[in-house]
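Please follow the packing of several helices through this structure, contact by contact, and then turn to a pocket that some of them share.

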Amino acid sequence: MPEIKNITAKPNIILFAVMFYYFVIGRNIVQPYLLTPIYDFLGIYPLVGWSGILNAFFRDLGVPISLYLLYAIFAKRDVRFSFSLSYLSLTNILYISVITLAVRVMFNLLESGVPFLFGSGSVPMQTFRFMDIGQSLLHNAILATLFEEAVFRGFLWGEYRRQGIGYWKIALVTGLFFGIIHLDTFTIIHTTFAGIFFYAPLIYFTRSIWAPVLHHALMNGLYTLISPAFYIDNQADFDAFMPTYLMILALAALVLIPISILCAKKFYHENRHNIQVKENLPKESVAFRVSYWILIVVMVATFLRV
């Protein structure tokens with residue numbers, strides 16, 4: 001761990017800045033006044049398919065990372081200092097992959113099974129209709145994963161941990177923010193849950209950003225690969241296939257859940273030496289506590305209004 005410094009409100013100020021960019025500047029200034037005129041001139045608007053992916057990559061990943069690099073240069077900071085780039089062992093890769101596969105199957109089962117069994121019997125084809133499989137994998141499994149993990153489990157997590165902030169406070173803040181940047185209500189719920197109870201523990205136990213990156217990439221990629229909406233092009237065939245699909249997912253869950261529990265136990269025993277004892281952390285300042293609770297109120301209010 002880097003040297004722990006005195007507690008300040010700095011991490012929350014940085015998080016407010018990232019929120020302001022993502023919710024205000026990126027979509028309302030960079031997109032309409034900078035990117036859209038360029039794409040109109042090039043004749044590749046509306047932004048769908050590959051051009052849409054490149055646009056989202058530049059707006060949501062390229063600009064924030066570029067700004068952070070400029071900040072690091074002017075502040076004379078080592079960029080690597082803000083990211084936990086330590087090596088991820090092969091055993092951890094195996095454990096995380098198996099656990100992720102089980103979680104993805106369960107999420108798909110709930111997302112499709114609940115409305116099918118307790119609703120009208122018809123499940124909307126939930127997919128990005130302007131994307132094919134290759135585009136979805138690039139956008140969701142690679143570009144979106146890199147941006148979101150660089151922000152939430154990258155320099156934001158690093159800023160908090162370097163100053164000795166407690167684990168659950170960081171998990172709650174980054175998890176709530178990770179949830180509210182997603183637009184769909186169901187997605188907000190499960191991404192918030194995942195941010196707090198999956199991505200945060202992964203980087204906490206491994207001290208490597210590659211752990212949540214692997215989990216995130218597999219979650220998004222497997223969604224595309226095992227979702228029938230990417231292979232069936234009409235609602236009637238999709239509904240007809242749904243009982244078979246749910247049965248396959250249920251059988252896969254019965255096999256994977258016990259194996260994933262075993263992998264989770266082994267993952268914990270292999271990485272528990274990385275746990276930082278709470279008593280060894282410095283006392284939080286009043287400035288941090290005030291800014292932290294203001295931040296929580298802002299996020300919860302945003303979460304409830306979405």
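In this predicted model, Asn 12, Leu 15, Phe 16 and Met 19 of α1 meet Phe 288, Ser 291, Tyr 292, Ile 294, Leu 295, Val 298 and Met 299 of α9, where contact means heavy atoms within 4.5 Å. By class, this contact of α1 with α9 has 9 nonpolar, 2 polar and no charged residues (Ala, Val, Leu, Ile, Met, Phe, Trp, Tyr, Cys and Pro count as nonpolar, Asp, Glu, Lys and Arg as charged, and the others, Gly among them, as polar). Helices are DSSP runs of H or I with at least four residues, numbered from the N terminus. Residues are numbered from 1 along each chain as its sequence is written. Because the model is predicted, local features need pLDDT of at least 70 and side-chain atom pairs count only at pLDDT 80 or more, whereas totals for chains, interfaces and linings use all residues, and side-chain values use heavy atoms, with hydrogens and water left out.

Two packed helices are described by the angle between their axes and the distance between the axes. The axes are lines fitted to C-alpha atoms, for helices over the stretch in contact, and the angles run from 0 to 180 degrees between N-to-C directions. For α1 and α9 (residues 286–305), the axes come within 10 Å and cross at roughly 25°. That makes α1 roughly parallel to α9, a term for angles under 35 degrees, while those over 145 count as roughly antiparallel. The crossing of α1 past α9 is left-handed, which is said when the near helix is turned anticlockwise from the far one by less than a right angle, and right-handed if clockwise.

On α1 (residues 10–42), Asn 12 and Leu 15 also belong to the contact with α4, together with Lys 10, Pro 11, Ile 14, Val 18 and Tyr 22. Their partners in α4 are Phe 147, Val 151, Phe 155, Leu 156, Glu 159 and Tyr 160. By class, 10 nonpolar, 1 polar and 2 charged residues make up this contact of α1 with α4. Here α1 and α4 (residues 133–162) pack at an angle of about 160°, with their axes 8 Å apart, and the two helices are therefore roughly antiparallel, in a right-handed crossing.

Which residues lie nearest the centre of the second largest pocket? They are Val 18, Pro 64, Leu 67, Tyr 68 and Phe 155, out of 14 lining residues, and the largest share of the lining, 6 residues, comes from α1.

Methods
Parallel < 35°, antiparallel > 145°, perpendicular 65-115°, else oblique. 1 Å grid on protein atoms, 1.4 Å probe; cavity = no way out; pocket = protein on both sides within 12 Å on 5 of 7 lines; lining within 4 Å.
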